[in-house]
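Visitor: I should like to learn how to read the features of a protein model. Where may we begin?

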Amino acid sequence: MSREKEIWVLCEIRGNELLEVGLELIGKAASMSHGREWSVCAVLLGHDSALYAEKVFAAGADVVIPMCCEKEAMPPEYIAAERLYQILKDNRPFALLIGAGVYGRTLAPLLAALLKTGLTADCTELSIENDLLVQTRPAFGGTLMAEVICPEGRPQMASVRPGAFPLPTLKRERHGTVRQEPCSSEISRSGIQILGKKAFSSKESLLKADIILAGGAGLGKEGFKKLREIGDKANCSIGASRSAVNLGLAPYSAQIGQTGVIVRPKFYIAIGISGSVQHLVGIRNAGAVMAVNPDPRAPIFRYADIGVVSGWKEFLPKLEDALSSLY
Amino acid sequence: MEIAVCVKQVIDTKEITLDENNNIIRRDGMSMSVNPADRTALSMATRLKRQFGGRITAVTMGTPGSVSVLHEAALMGANVLYLVTDPAFASADTYATAFVLSEVLKKTGPFDLVLCGRKAVDGETGQVGPSLSVMLGVDCMTNLIDIEESDCPGFLNCTRLTETSEETYRITLPAVLTLCEGILLESRPSIAALRRAAKIPVISFSNQELHLPLQSVGMKGSWTRVRKVSVSSGGDRECRFLSLEEGVKAAAEMIEQCKESRQSS
């Protein structure tokens, strides 16, 4: 069976949950294949993966390939990569899309190197042009947008951050076929053995936050402290620009942008963030955006609904007062 | 323990210019430094060398000017310095970059451990380390925040950061491991160390030494092509400017509205 007209999407299952980025990518793949009579094939990776077939059909998949997975834990990336390689090496689909979490960002380059094909990281837009997958990503520190293509290698591989594409509407009446692929279990040479795991406290993810106060590097320790105080009082989530995270002002989990979290809050306030492209792609799905920056020419204002030309030292204490008068 | 550390010279991303013809960024005359996560890799290598003995080899691929990152690596404890430079290697994507690096490591190794940063601050792909492990045929683990001696001889314990947890693994060597930025273990080098570092010669590898097929390196050896680079178009929002007082009021009201709809839903 030829796979030239198939777009494959890798879906991770973690702790009895299908990661949403998989559904987002199935939705994107389905809209790209629409009108072409191509099919979308979801590879389900994780324990009891066959249980999730109905859900991915509803999201837009036509074919499901459950990958065998002996234990509850996900196989280490290099084992998953070798198994996928066995399935893909002789009969290659048009494209393979992978969610860009820590796991996917490791698995994808391992698999691309095994398959000898091209891979583009953290794409923010995908489209099909003739026989090419056009992969757009911010580049060079997020100052520019680059269109990347892979003319010869197949599948054309792309990793995509969670939230970059919308969740598709699930159509429960949709069905598809389950395709079993032989799974070579002899590839379990394992020089890697898990000893322990310490889960972080399950704070609500920024991905689901409805109000986000985000700060830039200029806020410094003092500004972020104030931002957190306001966030705690008013029950808002705290985000940060990449440069603020690089300076250690906020944890990586708070980083908003192409290489952090792509958010979709109802209200987003950017304080002291100038607005590099890699940050802006992280907030383009936000509802209302307010920008507070002392520089009236900062690019962030072109992406905001409301602008206030002000430094954080003036704005934050006044906001704190205004909010405390409400409670 | 023979440790190789792959380091990348990165430019200050605020100083970017476009080359009109082929969309490549010009790198002459800009300020350069060692990629932050590669610094962590170097400092981790220094700690492992103290524990296990052996040597640290720092490898960088880039223009002749990237020699400066090797001098920095020497100050951080590298004993052997390799500069991989050839016009034929230019404009490589992550695959072609990993290919040349893997050939250098095969030629000069074997190495027990190859350390890389988890990503470079310019491209931010994080793909070279894992690709390298496939080409070298060894195991790979990414996103580490610590590497320690294991109770079992011949193993290392690694702590890995994921979105939801910190996980500890025991790994066997050889392996390619990538490290997160921000963790620096090294202390200031002593005067004696500075003197030693200044005496370490830089060994250059061009394709005259490596003899790699030209279709496997640089732009020709890359699977991906940058078709177009453009300045991102302006936003699609109309910004209404408010005074500080009005802005604060609007923000407080919006926050209030969102919370009301949160409670009602």
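Guide: Helices, of at least four residues, and strands, of at least two, are DSSP runs numbered from the N terminus. The model before us is predicted.

Visitor: How many helices and strands are there in chain B?

Guide: Chain B has seven helices and 13 strands. Of its 265 residues, 44% count as buried.

Visitor: How do strands form a sheet?

Guide: Strands of a sheet pair through backbone hydrogen bonds, either parallel or antiparallel. Here, an open sheet of four strands runs in the order β7(A)-β8(A)-β9(A)-β12(B), and the pairing is antiparallel. Its edge strands, each pairing on one side only, are β7 (125-129) of chain A and β12 (225-231) of chain B. From one strand to the next, the twist averages 25°.

Visitor: How many bridges join β9 of chain A and β12(B)?

Guide: There are six bridges between β9 (residues 144-149) of chain A and β12(B), in the antiparallel sense. As one case, A:Ile149 has B:Arg225 as its bridge partner in β12(B).

Visitor: Why may residues of a helix point the same way?

Guide: An α-helix has 3.6 residues a turn, so residues three or four places apart point the same way. Consider helix α8 (residues 312-324) of chain A: at 1.5 Å a residue, its 13 residues should span 18 Å, and this agrees with the 18 Å between its end C-alpha atoms.

Visitor: Which residues of α8(A) are buried?

Guide: They are A:Trp312, A:Phe315, A:Leu316 and A:Leu319. Seen down the axis of α8(A), the buried residues fall within an arc of 90°, so they line one face of the helix. On the other side of α8(A), A:Asp321 and A:Ser324 are exposed.

Methods:
Residues numbered from 1 in each chain as written. Chains lettered and ligands numbered in written order. Predicted model: local features only at pLDDT ≥ 70, side-chain atom pairs only at ≥ 80, totals over all residues. Pairing = 2+ DSSP bridges. Axes fitted to C-alpha atoms, helices over the stretch in contact; angles between N-to-C directions. Buried ≥ 20, exposed ≤ 12 C-beta atoms within 10 Å, placed from the backbone. Expected span 1.5 Å × (residues − 1). Arc of directions from axis to C-beta.
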